[in-house]
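Q: Please show me how to read the features of a structure. I would like a general idea each time, then the case at hand.

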Amino acid sequence: MAIFSVYVVNKAGGLIYQYDNYVPRAEVEKTFSFPLDLVLKIYDEKLVVSFGQRDGIRVLSINGVDVNGKYTAEGKEILEYLKDPANYPVSIRFGRPRLTSNEKLMLASMFHSLFAIGSQLSPEVGSSGIEMLETDVFKLHCFQTLTGIKFIVLADPRQSGIDALLRKIYEIYSDFALKNPFYSLEMPIRCELFDQNLKSALEIAEKAGAFGPGS
Amino acid sequence: MTILFPSLAKRDSVTNRGHSNSELFTLTYGALVTQLCKDYENDEEVNKQLDKMGYNIGVRLIEDFLARSSVGRCHDFRETADVIAKVAFKMYLGITPSVTNWSPAGDEFSLILESNPLVDFVELPDNHSNLVYSSLLCGVLRGALEMVQMAVDVRFAQDTLRGDNVTEIRMKFIKRIEENLPAGDE
């Protein structure tokens, strides 16, 4: 059981808080000899595996040194570097690309519109927006308050007690973000106490799966 | 900041009305009004400032209220009046005002406060006859309702501090704020 991440979206569709609650899956490091048995390509300024055993996986480091987009740490193009047999054997570390903050902002506002589309497309009157979105590996739960703020939690499909968790996060938001006089409304939440309380709420939810009222 | 929100939960755990937690709020508010009276020349300006502060509290307080109570969306103004009087006032001030004087159209009503915790220790001096001591409450109500898409006019119609028999807050519904209505919410 696990809770993967939490997003808070303001009523305009802006991402005002994001927290990832999981450690990335094990990254793989492998030593290759010439020629490389994978096809690499540049996608969105990053070097990814386009054909091979695990497509979509990103190149994270070469010979133990982290890469910088499509360039090595010394500033050479990685693709050029890997074409030269003199550089082999080479050790490459791979991992799933993590979302950048910009991508998260974009996905959050995209969900904001999807949520609205959900209620527009509805065949029934009085429909809410998307409350849950299910995939093979995670479930996205969304709770919109009467004032229009969305709390979004990504969790394991088998995780229970998410509704109570969403309410709890709303409470934490009203306590530790809104009662902080230095927090301005609609702006990104940068409050230490909010972070701490959210983290402990996630821990409790992961262990017990449910909240009592006022816990 | 938290002292401005003496929630009922905390009050009940000690005693009922009149214990130190709610008095702390009353006294802090008193100090605030006194200071504003020193800072501004006329009472109108003080009323305005109090209302503005209340508004800023209200837009935040509504989230606390919604998170803690399981109140859903109100579908008419009568429902709103009930929630304000029976749930919200009870939660934050420990009193339950009565709702009366409905206009025939149902868009205007009065909250009659038997006791106003803000004025527990107050005697209004003669030179402050225009001061609406509890204007903050108007601002809070206006701000909170605006966040749930209701534009409302709130003012004190009667005030015991100014010699009236009761304290009366008059609420008038102006319009539904459509542009703030969250998508996918009925």
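Q: What area do chain A and chain B bury between them?

A: This is a predicted model, in which local features need pLDDT of at least 70, side-chain atom pairs count only at pLDDT 80 or more, and totals for chains, interfaces and linings use all residues. Residues are numbered from 1 along each chain as its sequence is written, chains are lettered from A and ligands numbered from 1 in the order in which they are written, and side-chain values use heavy atoms, without hydrogens and water. Buried area is the accessible area (1.4 Å probe) that two parts lose on being put together, summed over both. Here chain A and chain B bury about 2000 Å², 56% of it on carbon and sulfur atoms. On the side of chain A, Leu146(A), Thr147(A) and Lys179(A) lose the most area to chain B, together 35% of what that side buries.

Q: How many salt bridges are there between chain A and chain B?

A: A salt bridge is a side-chain nitrogen of Lys or Arg within 4 Å of a carboxyl oxygen of Asp or Glu. The count between the two chains is 2. Lys179(A) forms a salt bridge with Asp64(B), at 2.9 Å from N to O.

Q: Is Gln159(A) buried or exposed?

A: Buried means under 20% relative accessible area, exposed over 50%, and partly exposed in between (1.4 Å probe, protein chains only). Gln159(A) is buried, because its relative accessible area is 7%. A polar atom of its side chain lies 3.0 Å from the backbone oxygen of Ala205(A).

How values were computed: A polar contact is a pair of N or O atoms within 3.5 Å; within protein, one must be able to donate a hydrogen and the other to accept it, and residues adjacent in sequence count only if both atoms are side-chain atoms.
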